[in-house]
Amino acid sequence: MRRPGILARYWEWLDLPEHTVPLSLSEGDTPLIPMPRLAEALGGGFELFVKYEGLNPTGSFKDRGLAAAVGEAVGRGARTVICASTGNTAAATAAYAARAGVRALVLVPEGKIARGKLAGALAYGAQVVQVRGSFDHALALVREAVAHYPVALVNSINPYRLQGQQTAAFEIVDALGRAPDWLAIPVGNAGNITAYWMGFRAYHRAKGTGLPRLLGVQAAGAAPLVLGHPVENPETVATAIRIGKPARGAEALAAARESGGRIIAVPDEEILAMQRLLAAEGVWVEPASAAGLAGLAAEIRRAALDPRGKTIVAVVTGHGLKDPDAVLRTAGADLPTIEPVLDALTPWL
Ligand SMILES: *Cc1c(COP(=O)(O)O)cnc(C)c1O
């Protein structure tokens, strides 16, 4: 069956201008996968699902936001869309611009982009420009460019990004029949957690489907919302959330507070350990995508969150193929190589 894409499926729920072009690469409708073994490993007694956003067309949830934002920009006549990106926004912007037949100009922090993301942006034909500095420097430059040139900004300060991204919350409620008790989610620029909260609230207002408590999770080396101040040189293996000045930080903090939840930070080792645990149950995600669950594990471990009897959804935001080096650096470092004879293979049999 043809998947119609988020704009067609949820049009009446989205606050988008009439001129928005209904762009689609059949994004959304991603699976909500039960993770019984991981739930057991975290103590058991609760239902755990991951919302596997890596199965979107370009491999991350960013497709939801860019379908809406590029569709809106093109509908009002934009010929060039521009964004700063830690990688996934770049690939998604490039894909939807290609779909619409317009130009994509993508600014990335030099040398800090996972290979699968850079390759994606280039494959879809974006003009990629590397910026010396961090994502935050690239975003500041994009803001300056749109003030002086007729190019349309599609970073998550663009409100239509959040309109598109909230459809993931709709899908979770549609699948479960109500909102989960907790939603664990990685936080970088903080657009996604803001969009989820918007989506859960819209559904709850209209249908009484309940609201989750939000557990937003940053990487310890890039945790401005936990520290309470910007981080000048954010550092983490989870490059998708390597952001020191989140554009939607205030809204994310308000959402977490309003929901009865919070935003916490976890060290890189715990993020990578969770990435391995997920893969051990068949779900391979990029490092940033494991942060939400790493945070959930930490909260359960220190008894700050009691999961018993609860339904918990963790958003896993991007596919493992996006960042192959994150795995190859360690697991792939020392692969055995043998002659093609059975004797040589026996140590592993
Ligand atoms: C963009 C992204 C995030 C962070 O989302 P924000 O909206 O920036 O908070 C997390 N994980 C992945 C894989 C991403 O691409």
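Modeller: Let's start with a term: a salt bridge here means a side-chain nitrogen of Lys or Arg within 4 Å of a carboxyl oxygen of Asp or Glu. Keep in mind that this is a predicted model.

Colleague: Fine, so how many salt bridges does the structure hold?

Modeller: The general idea is that side chains of opposite charge can pair when their charged atoms come close. In this structure, there are 18 salt bridges. One of them joins Glu 171 to Arg 9, with 2.8 Å between the closest N and O atoms. That pair ties together distant parts of the chain, 162 residues apart: Glu 171 belongs to helix α8 (residues 167-176), and Arg 9 to helix α1 (residues 6-10).

Colleague: Now the ligand. Which residues come nearest to it?

Modeller: For this, a residue counts as near if one of its heavy atoms lies within 4 Å. There are 16 residues around the ligand, and Lys 62, Asn 88, Asn 189, Ala 190 and Thr 317 come nearest. Sorted by class, that shell has 8 polar, 6 nonpolar and 2 charged residues.

Colleague: What lies across from the oxygen atoms of the ligand?

Modeller: Look for N or O pairs within 3.5 Å. A ligand oxygen is 2.7 Å from a side-chain N or O atom of Asn 88. Backbone polar atoms turn up too: one of Asn 189 at 2.8 Å from a ligand oxygen, and one of Gly 191 at 3.2 Å. The protein covers 97% of the 380 Å² of accessible area that the ligand has on its own.

Colleague: And where does the ligand sit?

Modeller: In the largest cavity.

How values were computed:
Residues numbered from 1 in each chain as written. Predicted model: local features only at pLDDT ≥ 70, side-chain atom pairs only at ≥ 80, totals over all residues. Heavy atoms only, no water. Polar contact = N/O pair within 3.5 Å; in protein donor to acceptor, adjacent residues only side chain to side chain. Areas by Shrake-Rupley, 256 points an atom, 1.4 Å probe, with all protein chains shown as cover. 1 Å grid on protein atoms, 1.4 Å probe; cavity = no way out; pocket = protein on both sides within 12 Å on 5 of 7 lines; lining within 4 Å. Sits in = over half its atoms within 2 Å of the grid points. Nonpolar A, V, L, I, M, F, W, Y, C, P; charged D, E, K, R; others polar. Helix = DSSP H or I, 4+ residues; strand = E, 2+ residues; numbered from the N terminus.
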